[in-house]
Amino acid sequence: MPKVKVSLFSQLNNYVTEFDPKVFSTDGKIFYCKICDIKCGSAKRFNVTQHLTTAKHLKLVAQKEKNVNVKKAQQRFLTDTKKSCFNRDLCSAMLSANIPLNKLNNESFKSFLVKYTGKIIPAVTTLRKGYVDEIYDETLIKIKNAVIDKKIWVSIDQTTDSLGRFVANIIIVEKMVQEKMNDVLAKNEGYQTLAQISKILTGEETLMVRIPENLSLGDFAYFKYAPINSVDVERSFSMFKVLLSDNRKSFTFDNLKKRLIVQCNFQVVEEVESFEEVSS
């Protein structure tokens with residue numbers, strides 16, 4: 001079969017894909033080296049590989065890598081030097097208490113903090129860009145450390161927020177299962193009655209012990225699918241609703257998630273830190 005001739009457009013785009021789009025580009029007619037800022041020969045593949053080995057190209061590549069490394073080092077230095085325990089604790093406290101970070105723009109509140117802490121109050125963008133993600137990540141790590149290799153119970157529920165988005169909240173508690181069950185049942189006085197009705201419906205028992213007098217046998221059928229719930233996950237929805245108030249609906253969903261997790265778990269984090277201090 002005769003060899004099919006490849007169009008110039010396809011040939012140049014194939015070269016760009018093969019030799020890295022960060023180095024070369026093309027408009028379908030001209031093959032261009034971004035590093036050297038010049039037009040390159042592209043009649044044959046050999047012309048491209050030959051350009052990559054020229055002294056000028058290699059020198060400019062090395063210079064670019066050096067500049068990138070210097071920039072990364074500068075960013076790390078700036079990040080490390082700008083971090084402060086006060087800023088982090090302030091951000092964590094405001095997130096945990098569901099205080100909008102932009103309240104720091106209030107001059108009265110800001111003056112109060114300066115007067116009684118003697119600290120320079122950071123800009124809102126400093127906390128938002130430099131500390132929120134860090135606090136969120138640390139919270140997740142604390143949660144993982146709290147439940148690893150331990151028995152837990154999980155409660156999941158879903159709702160729709162005020163913007164019409166479907167939201168699922170998951171509650172994970174690190175307690176012995178029996179301990180949690182005992183705690184839940186102690187707060188639910190009607191559980192024993194419900195358990196007794198269940199046994200009667202399944203034929204395990206026939207005695208009407210602990211059954212209210214105003215319940216007849218005919219009423220038992222209505223209890224067949226009666227749910228037994230913990231309200232912990234419902235509390236998280238209430239916190240979510242308060243967090244997403246009418247004047248805070250500009251939240252991106254990702255930022256909303258981070259703030260809710262930090263707010264819901266600040267007590268867990270404190271308990272883990274206290275346990276770590278005692279253990280050490």
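Biologist: Hi! Which residues touch the most other members in the largest nonpolar core?
Modeller: Of its 15 residues, those are Leu90, Cys91, Leu95, Leu101, Leu104, Leu127 and Ile135. A nonpolar core is a set of buried Ala, Val, Leu, Ile, Met, Phe, Trp, Tyr and Cys residues joined through side-chain atoms within 4.5 Å. Buried means under 20% relative accessible area, exposed over 50% and partly exposed in between, using a 1.4 Å probe and protein chains only.

Biologist: Which helices each supply at least two residues of this core?
Modeller: They are α4 (85–96), α6 (124–130) and α7 (132–147), and α4 gives the most, with four residues. Helices are DSSP runs of H or I with at least four residues, numbered from the N terminus.

Biologist: What does leucine 101 touch?
Modeller: Leaving out residues up to four places away in sequence, leucine 101 touches Cys91, Met94, Val124, Leu127, Arg128, Val132 and Arg259. Contact means heavy atoms within 4.5 Å.

Biologist: Where did these values come from?
Modeller: This is a predicted model, where local features need pLDDT of at least 70, side-chain atom pairs count only at pLDDT 80 or more, and totals for chains, interfaces and linings use all residues. Residues are numbered from 1 along each chain as its sequence is written, and side-chain values use heavy atoms, leaving out hydrogens and water.

Biologist: New topic: how many disulfides?
Modeller: The count is zero, where a disulfide is a pair of cysteine sulfur atoms within 2.5 Å.
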